[in-house]
Amino acid sequence: MKQLESPTDWLEARKIKTRGREEQRPANIFAGGSSCDSAEIQGVVVSRLSVYPKGSESAPRTFAVIEPEESSVEGLEAEGEATWFWKRSSKDQQLLDFEWQQSSESRWNFYFKLPKDAMCFGLGERLSGFNLRGRVHTLFNHSDNMHVPTLDPLYKSIPFLLIRHQGRYQGIFLDSPARQRWSLDVELEEQASIELLSRRGFTVYLFETSSLPDLLAAYTALTGRSKLPPNWSLGHQQSRWSYPDESTVLAVAAEFRTRNIPCDAIVLDIDFMDEYRVFTSSPERFPNFKEMIAKLQDQNFRVVTIVDPGVKKDAKYFVYRDGKKHDYFCKKADGKTFYGKVWPGQSVFPDFLREDVRLWWAALHGFLVENNVSGVWNDMNEPCLFGQGCPLPLDAIELPKEHHQLFMQQSPEGDVGHFEVRNLYGLEMSRATWEGLTALRPDERPFVLSRAGYAGIQRYAAVWLGDNMSWWEHLAVSVPMLLNVGLSGVPFCGVDVGGFGDDCSPELLARWYALAMFYPFFRNHCSKAGAEQEPWSFNQRVEDAIRHFVETRYRLLPYIRCLFWEHIRTGAPLMRPIIWDYPEDQFAAEIDDQFLFGRDILVTPIVKRGQTERSVYLPNGLWYPFDGGEPLEGGRLHKVGFELDEVPAFVRDGSIVPFVDLIQSTDYYELAPITFKVWGDHAMGLYLDDDGISFEYEEDGYNEWLLRYDNGQFSSNLANFGYIAPEREYYFQHGLRKERVHLARE
Ligand code: GLC
């Protein structure tokens with residue numbers, strides 16, 4: 001990686017185009033300091049360059065990279081003060097011809113080569129096909145509910161790009177929460193560039209490896225991994241903006257139980273609050289909030305409630321009063337409190353970059369915990385303000401002065417304008433939520449859902465991709481979007497099932513569930529204006545199809561739990577592109593309407609209206625239709641039909657997948673029998689178990705078995721035994737043969 005050296009370099013340098021206009025490379029005015037070192041992280045050589053402008057002494061801290069004491073993964077070790085977690089490596093990296101410079105007080109430019117056949121993935125939430133090449137991607141957290149194909153930017157910014165070229169992978173992580181624009185060879189000249197608007201400098205990490213899993217392992221060792229989610233959060237969640245009152249909520253819940261459609265959580269949107277005051281409930285519409293939750297718990301439901309960052313300006317409201325008293329809200333550059341309009345009207349915004357503010361916010365969750373709310377949904381945390389477009393116009397080429405940056409925030413280095421750190425707002429809010437729930441309920445792993453995020457958000461929250469529409473196009477694009485979110489280090493993700501805006505149709509809802517049963521985060525959610533889309537909202541045929549998909553999701557819970565184990569050990573996402581396991585398969589690299597759900601299941605959804613069959617690409621090997629039938633030979637395309645109620649997926653020959661007997665809520669998970677289904681004559685698999693709720697698994701409180709099937713014999717080898725589980729029955733099944741088995745105890 002090199003700094004451009006003299007103005008003559010730029011004169012000779014080729015022209016680049018960003019934002020549709022031609023631009024000569026500007027002159028480099030850099031006169032600050034920098035440091036460069038490298039490390040081997042999880043076997044991958046990573047170079048780090050920290051750059052700070054004149055007058056600063058170090059690059060800013062961004063909260064993306066985990067502290068060594070928080071890390072349990074190998075390769076992050078403190079080593080002296082200057083290189084606090086880096087093992088120096090002898091290799092001097094010169095990747096991608098990566099060049100950088102400062103071209104004005106607030107503008108930094110980066111240039112790198114993108115060879116002709118290189119493909120680009122990652123960058124967080126992009127409304128795009130799987131390959132991000134050929135487009136400008138803006139990273140500046142922003143809320144927009146009209147997700148048309150050109151929309152940019154969106155709610156989450158994760159500046160980690162993965163580049164695939166000739167079987168090798170390189171990664172660039174530009175750690176700065178200020179606005180970045182990545183132009184990925186828009187001009188078809190094999191050149192990419194990034195523009196960063198910041199006065200504070202940055203740290204950039206370059207990774208080089210030969211495999212995609214290794215790259216993810218290294219990136220997530222640096223920015224952290226998710227914890228195991230509580231079991232219930234992996235179940236089916238039902239949401240609506242908004243169920244207006246207690247009786248509606250109870251009626252919806254009852255409907256799930258009478259109709260035998262498994263469900264674990266009911267989600268309460270903004271109308272459960274008292275005039276949108278966070279940490280309150282409406283005395284008129286939810287007068288018996290705690291009792292209502294208790295009734296839901298009796299039927300094995302959990303409750304998730306929304307918490308937005310905007311605090312209503314109301315001198316009588318305790319959160320506003322207390323926050324004002326302690327000076328916790330963001331102020332403008334002139335020192336006056338910043339007010340912005342969101343759901344409650346004029347509101348103030350906590351400065352989540354401050355530890356004292358996060359602690360205060362964390363403690364406010366006492367209200368929810370006392371009422372037995374189980375999970376918290378952080379919305380609008382870009383932060384979104386009404387009546388504003390993107391607060392920094394896309395064509396801005398300089399960072400505005402502080403008084404034009406909405407408000408100020410307190411970073412570890414001191415006061416900064418909001419735009420310098422905007423992409424951290426949602427991350428730090430979710431961190432406060434996660435830390436609050438962990439402190440208030442130390443025996444339970446929390447469930448937090450966030451709309452905004454930055455690198456590292458996976459440590460604190462699951463994410464969904466905001467306000468999609470009940471459009472077939474949004475069903476289809478959810479696959480590449482979620483694949484890129486997963487490759488940006490965030491495994492626990494999904495989109496609103498059925499679509500948020502507009503009216504869902506019966507066929508679309510059935511097809512959406514057929515795909516969504518494989519989303520790691522599985523929630524039906526719909527806006528105020530849209531038609532009802534609970535599973536029973538249409539006809540019997542659609543309801544029956546949805547029931548089959550939700551039931552299948554529940555049966556797969558032990559497998560899904562194992563995939564999360566894999567994530568915490570290796571950083572692997574749950575939804576993976578086919579090239580994850582078939583790296584040489586160039587044909588597969590181009591596919592973005594199929595994906596692997598873990599190693600053993602290939603999902604091939606129908607994403608077009610009226611379609612009942614599609615062309616399916618199976619990678620090498622034999623693949624069994626999920627709902628039964630003869631296996632198909634891989635390495636080629638097949639025309640395959642999927643009826644409205646058929647699971648559009650295949651299982652890999654040679655796999656053993658654990659299934660649990662049908663349950664209506666994960667409350668029944670612990671005791672339900674498990675069946676290991678074997679596909680093929682020689683098969684291997686893994687099965688892990690823990691209590692599904694506490695952090696004990698981090699202290700050896702889990703069991704792990706390696707499973708084998710060979711010569712008609714099923715066997716299990718114990719790899720860990722630290723959890724005394726309630727007795728349950730185990731079976732193995734191969735074709736029609738099903739037998740009881742006992743797992744090895746030593
Ligand atoms: C935002 C969220 C949406 C929610 C609505 C009301 O649009 O993205 O999910 O229902 O706000 O809270």
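# Briefing: a predicted 746-residue chain

Ser478 lies in helix α10; helices (H or I, at least four residues) and strands (E, at least two) are DSSP runs, numbered from the N terminus. This is a predicted model, in which local features need pLDDT of at least 70 and side-chain atom pairs count only at pLDDT 80 or more, while totals for chains, interfaces and linings use all residues. Residues are numbered from 1 along each chain as its sequence is written, and side-chain values use heavy atoms, with hydrogens and water left out.

**Overall fold**

- The protein chain has 14 helices and 42 strands.
- Its C-alpha trace spans about 75 × 65 × 50 Å along the principal axes.
- Of the 746 residues, 64% count as buried, where buried means under 20% relative accessible area, exposed over 50% and partly exposed in between (1.4 Å probe, protein chains only).
- Among contacts (heavy atoms within 4.5 Å) with a separation of 6 or more, 71% come from residues 24 or more positions apart.

- Ser478 is buried, at 1% relative accessibility.
- Leaving aside residues up to four places away in sequence, Ser478 touches Val495, Leu515 and Tyr519.
- Ser478 and Gln409 are 69 residues apart in sequence, and their C-alpha atoms are 34 Å apart in space.
- Helices α10 and α11 (residues 506-516) pack at an angle of about 5°, with their axes 10 Å apart; axes are lines fitted to C-alpha atoms, for helices over the stretch in contact, and angles run from 0 to 180 degrees between N-to-C directions.
- The angle makes α10 roughly parallel to α11, given that angles under 35 degrees count as roughly parallel, over 145 as roughly antiparallel, 65 to 115 as roughly perpendicular and the rest as oblique.
- On the α10 side the contact is made by Trp472, His474, Leu475, Ser478 and Val479, and on the α11 side by Glu507, Leu508, Arg511, Trp512 and Leu515.
- These contact residues divide into 6 nonpolar, 2 polar and 2 charged; Ala, Val, Leu, Ile, Met, Phe, Trp, Tyr, Cys and Pro count as nonpolar, Asp, Glu, Lys and Arg as charged, and the others, Gly among them, as polar.

**Salt bridges**

- The structure holds 42 salt bridges, each a side-chain nitrogen of Lys or Arg within 4 Å of a carboxyl oxygen of Asp or Glu.
- Asp152 forms a salt bridge with Arg126, with the closest N and O atoms 2.8 Å apart. The pair links distant parts of the chain, 26 residues apart: Asp152 is in the loop between β9 (136-139) and β10 (157-165), and Arg126 in the loop between β8 (119-124) and β9. Asp152 is buried at 13% relative accessibility, as is Arg126 at 3%.
- Arg561 and Asp689 meet in a salt bridge at 2.9 Å, N to O. This pair joins helix α13 (residues 557-570), which holds Arg561, to strand β38 (residues 683-689), which holds Asp689, across 128 residues. Arg561 is buried at 5% relative accessibility, and Asp689 is buried at 2%.
- Arg451 and Asp467 form a salt bridge at 4.0 Å, N to O. Arg451 sits in the loop between β24 (447-450) and β25 (462-464), and Asp467 in the loop between β25 and α10 (472-487), 16 residues apart. Arg451 is buried at 2% relative accessibility, and Asp467 is buried at 12%.
- A network of salt bridges links Glu255, Arg259, Glu543, Asp544 and Arg547.

**Surroundings of Ile172**

- Ile172 lies in strand β11 (residues 168-175) and is buried, with a relative accessible area of 0%.
- Among the residues that Ile172 touches, not counting those up to four places away in sequence, are Leu96, Phe98, Phe112, Trp182 and Leu206.

**Backbone features**

- The peptide bond from Asp152 to Pro153 is cis, with omega near 0°, and Pro153 lies in the loop between β9 and β10.
- Glu382 and Pro383 are also joined by a cis peptide bond, with omega about -5°; Pro383 is in the loop between β21 (375-378) and β22 (408-411).
- Asp327, not a glycine, has a positive phi of about 65°. Asp327 lies in the loop between α5 (318-325) and β19 (340-342) and is partly exposed at 35% relative accessible area.
- Asp502, in the loop between β26 (493-494) and α11, has a positive phi near 70° and is partly exposed at 42%.

Notes: The radius of gyration is taken over C-alpha atoms; the globule rule is 2.2 Å times the number of residues to the power 0.38.
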